[in-house]
Amino acid sequence: MKLDAIDLRILDAIQHDGRITKLALAEKAGLSPTPCWMRLRKLEKAGIITGYHARIAPRRIAPVASVMMEVTLANHRQADFERFERAVAATPEIVACWSVGGGVDYILKIMAADIDAYQRLVDGLLDRELGIDRYFTYVVTKTVKEDTVLPVSSFSASGKEEHNVS
């Protein structure tokens with residue numbers, strides 16, 4: 001699917017307001033409502049838009065500890081990665097996980113009730129013998145920036161009006 005400037009405007013608008021009306025979205029995209037809505041549905045079917053979510057302020061619900069964790073596995077066979085990734089996917093407190101290149105294998109973002117709850121979670125992961133060789137913990141003391149909005153307009157750095165998306 002090729003994305004053009006209108007598609008990027010649609011994506012930008014719904015990232016900022018997932019509850020935007022059809023009419024307001026069409027206005028921001030520079031289209032009439034029906035073609036705009038058809039483009040939105042096409043972006044959803046192509047898997048470019050994967051869902052709509054509410055952004056929640058966790059600290060307004062209860063105190064919470066945010067922890068970043070680096071993980072290095074002892075072995076690097078495909079089965080080792082798959083076993084670890086299945087465990088991560090099944091652990092709700094692990095809210096994000098990135099497989100990275102460099103000195104570590106994964107970086108995880110964990111939200112726990114407190115540091116004790118975080119340590120119990122880690123102990124549980126270690127007890128499950130998932131192949132964790134080393135891990136380093138970084139307690140988040142202050143969130144400086146945490147944005148869920150992607151800068152889609154800057155993805156067109158080449159200046160092209162259309163973008164191929166697989």
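Where is lysine 2 found? Lysine 2 sits in strand S1, residues 2-3. Helices here are DSSP runs of H or I with at least four residues, strands are runs of E with at least two, and both are numbered from the N terminus. Lysine 2 is exposed, because its relative accessible area is 53%. The cut-offs are these: buried is under 20% relative accessible area, exposed is over 50%, and partly exposed lies in between, with a 1.4 Å probe and protein chains only.

Some ground rules. This is a predicted model, where local features need pLDDT of at least 70, side-chain atom pairs count only at pLDDT 80 or more, and totals for chains, interfaces and linings use all residues. Residues are numbered from 1 along each chain as its sequence is written, and side-chain values use heavy atoms, with hydrogens and water left out.

Now the overall layout. The domain assignment gives domain 1 (5-54) and domain 2 (58-139). Those bounds come from an automatic or database assignment. The centres of domain 1 and domain 2, taken over C-alpha atoms, are 34 Å apart.

Two C-alpha distances go with that. Lysine 2 and glycine 124 are 122 residues apart along the chain, and their C-alpha atoms are separated by 45 Å. Arginine 41 and tyrosine 106 are 65 residues apart along the chain, with 34 Å between their C-alpha atoms. Arginine 41 is in helix H3. With 36% relative accessibility, arginine 41 counts as partly exposed.

Next, helix packing. Two packed helices are described by the angle between their axes and the distance between the axes. Axes are lines fitted to C-alpha atoms, for helices over the stretch in contact, and angles run from 0 to 180 degrees between N-to-C directions.

Take H2 and H3. Helix H2 covers residues 22-29 and helix H3 covers residues 33-45. Their axes come within 9 Å and cross at roughly 90 degrees. So H2 is roughly perpendicular to H3. On this scale, angles under 35 degrees are roughly parallel, over 145 roughly antiparallel, 65 to 115 roughly perpendicular, and the rest oblique.

Which residues meet there? From H2, they are Lys22, Leu23, Leu25, Ala26 and Ala29. From H3, they are Pro33, Cys36, Trp37 and Leu40. Contact means heavy atoms within 4.5 Å. By class, the H2 and H3 contact has eight nonpolar residues, no polar and one charged. Ala, Val, Leu, Ile, Met, Phe, Trp, Tyr, Cys and Pro count as nonpolar, Asp, Glu, Lys and Arg as charged, and the others, Gly among them, as polar.

Now H1 against H3. Helix H1 spans residues 5-16. H1 and H3 pack at about 80 degrees, with axes 10 Å apart. H1 and H3 are therefore roughly perpendicular to each other. H1 brings Ile6, Asp7, Ile10, Leu11 and Ile14. H3 brings Cys36, Arg39, Leu40 and Leu43. The H1 and H3 contact has seven nonpolar, no polar and two charged residues.

Alanine 54 is in the loop between H3 and S2. Is alanine 54 buried or exposed? Exposed, because alanine 54 has 67% relative accessibility. Alanine 54 and lysine 28 are 26 residues apart in sequence and 21 Å apart in space, C-alpha to C-alpha.

On to strand S2, residues 65-73. Serine 66 lies in S2. Serine 66 counts as buried, because its relative accessibility is 6%. The serine 66 side chain makes a polar contact with the side chain of arginine 59 at 3.5 Å. A polar contact is a pair of N or O atoms within 3.5 Å; within protein, one must be able to donate a hydrogen and the other to accept it, and residues adjacent in sequence count only if both atoms are side-chain atoms. Leaving aside neighbours within four places in sequence, serine 66 is in contact with residues including Ile110, Met111 and Tyr138.

At 8% relative accessibility, threonine 72 counts as buried. Not counting residues up to four places away in sequence, threonine 72 touches Gly103, Val104, Asp105, Gly131, Ile132, Asp133 and Arg134.

Last stop, glutamate 129. Glutamate 129 is in the loop between helix H5 (115-127) and strand S5 (132-139). Glutamate 129 has a positive phi of about 50 degrees although it is not a glycine. Glutamate 129 is exposed, with a relative accessible area of 65%.
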